[in-house]
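Subject: Model for your files

Hello,

Here is the model we spoke about. My notes on what was found in it follow below.

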Amino acid sequence: GRPEIEISRESIADDVNDKTILVTGAAGSIGSEIVRQLTDFKPKLIVCLDQAETPLHALGIELGKSKLSYELVLGDVRSQSKLSKVFERCKPDIVYHAAAYKHVPLMEIEPCEAIATNVGGTRQMVDLSIEHNVEMFVMVSTDKAVNPTNVMGASKRIAEIYVQTRALDQIVQNISQTKFVTTRFGNVLGSNGSVIPLFKKQIANGGPITVTHKDITRYFMTIPEACRLVLEASHIGKSGYIYIFDMGEPVKIYDLAIRMIELAGLKPEQDIKIEVSGLRPGEKLYEELLNDSELTEKTTHPKIQIAKVRANNAKKMDCLIEQLMQASEAFENDQVVQIMKKLVPEFISQNSKYTEFDVSANTENDTNNNKPI
């Protein structure tokens, strides 16, 4: 229900032509589309890193039909030794970091895994980018990082904090020219595990379609749109800033279900039933993108804004993240979540067993009148 988002291709071409580009999570929905869009330009080499063997193999078959110079790397962003070898050998100029665990209900069950990948993986990618003086580091984040109600969203917010704190660190600036940009957007239509493929499968099976709540809403954009804006934000972005995308009006998932049934030539509740299953652990009724003018600043692109976020104390952050990683490695889920709530005071669990840790976290942060976003 809105015009398709376009970008300034010439400016992006100037940034990426003849550059070596490393994409993590390259076999995923967002990572693979970033790779596809980069094929329209003339990069020197695209290094596609992912730990998922079959999707990475499929991406390689697809890229083999193009004239692009590319390399597939089967590896995990958790593995420091593997990443070090990749940076040393490939010497990337630009990094697009899209590797992450993203499914809210599963990460609510496995907080240690969320931290190991979303925080630990990001920390290693950032540190190696600084060490190897990468020109540009672009992190792909999510609207679920805004006032998070679940482990997944909070883990991405901590990753954002790490990226931003390193970008603003004077010591880092003295030893490296790396520019750090973070991008946030909502749900992407047709991505792995999203509602569109799920609803299509449920309709094909004769129903029912399952919706967690009749009033639940989400922001949506297509995968190509999201990736265009990631490329655009990396071009216009200033180091240390978080960029959010104008995704139009939020869509009611219940209305989306009705529309998809009708598009299939069927009648809702007659041919295909719609069942309300109840909110899942950590799930919000609505997501936030900070479109409030008091919390954002405009950029040169009408569809991209800057999120105003509070600065963090680097020493305190490093100490807490180190504690967080140790707890994660020991598989201490409760301890991990408690430390997460210290790092992200606005992380208030919803419909989750971790709500018991909110009282102490809120008590600690009562004196903080500047609510982080």
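A salt bridge here is a side-chain nitrogen of Lys or Arg within 4 Å of a carboxyl oxygen of Asp or Glu. This is a predicted model: local features need pLDDT of at least 70, side-chain atom pairs count only at pLDDT 80 or more, and totals for chains, interfaces and linings use all residues. Residues are numbered from 1 along each chain as its sequence is written, and side-chain values use heavy atoms, with hydrogens and water left out.

Salt bridges

The structure holds 13 of them. Arg166 pairs with Asp169 at 3.8 Å, N to O, and also with Asp318, where the closest N and O atoms are 2.7 Å apart. The Arg166–Asp318 pair links helix H7 to helix H12, across 152 residues; helices (H or I, at least four residues) and strands (E, at least two) are DSSP runs, numbered from the N terminus. Arg166 is buried at 10% relative accessible area, and Asp169 is buried at 18%, whereas Asp318 is partly exposed at 28%. The cut-offs are under 20% for buried, over 50% for exposed and partly exposed in between, with a 1.4 Å probe and protein chains only.

Arg78 and Glu113 form another salt bridge, at 2.4 Å, N to O. Arg78 lies in the loop between strand S3 (70–74) and H4, and Glu113 in helix H6, so the pair ties together parts 35 residues apart in sequence. Arg78 is partly exposed at 30%; Glu113 is buried at 19%.

Cores

A nonpolar core is a set of buried Ala, Val, Leu, Ile, Met, Phe, Trp, Tyr and Cys residues joined through side-chain atoms within 4.5 Å. The largest has 51 residues, of which Met340 and Leu343 touch the most other members. H7 gives the largest share of this core, nine residues. Beyond four places in sequence, Leu343 touches residues including Ile158, Ile161, Met317 and Leu320, where contact means heavy atoms within 4.5 Å. A second, separate core of 39 residues includes Ile94, Tyr96, Val181 and Phe245.

Helix H10 (residues 223–236) is largely enclosed by the rest of the structure, because 12 of its 14 residues are buried. Among them are Glu225, Arg228 and Glu232.

Gly31, in helix H2 (residues 29–38), is buried at 1% relative accessibility. Leaving aside neighbours within four places in sequence, Gly31 contacts Val23, Gly25, Ala26 and Ala98.

Regards
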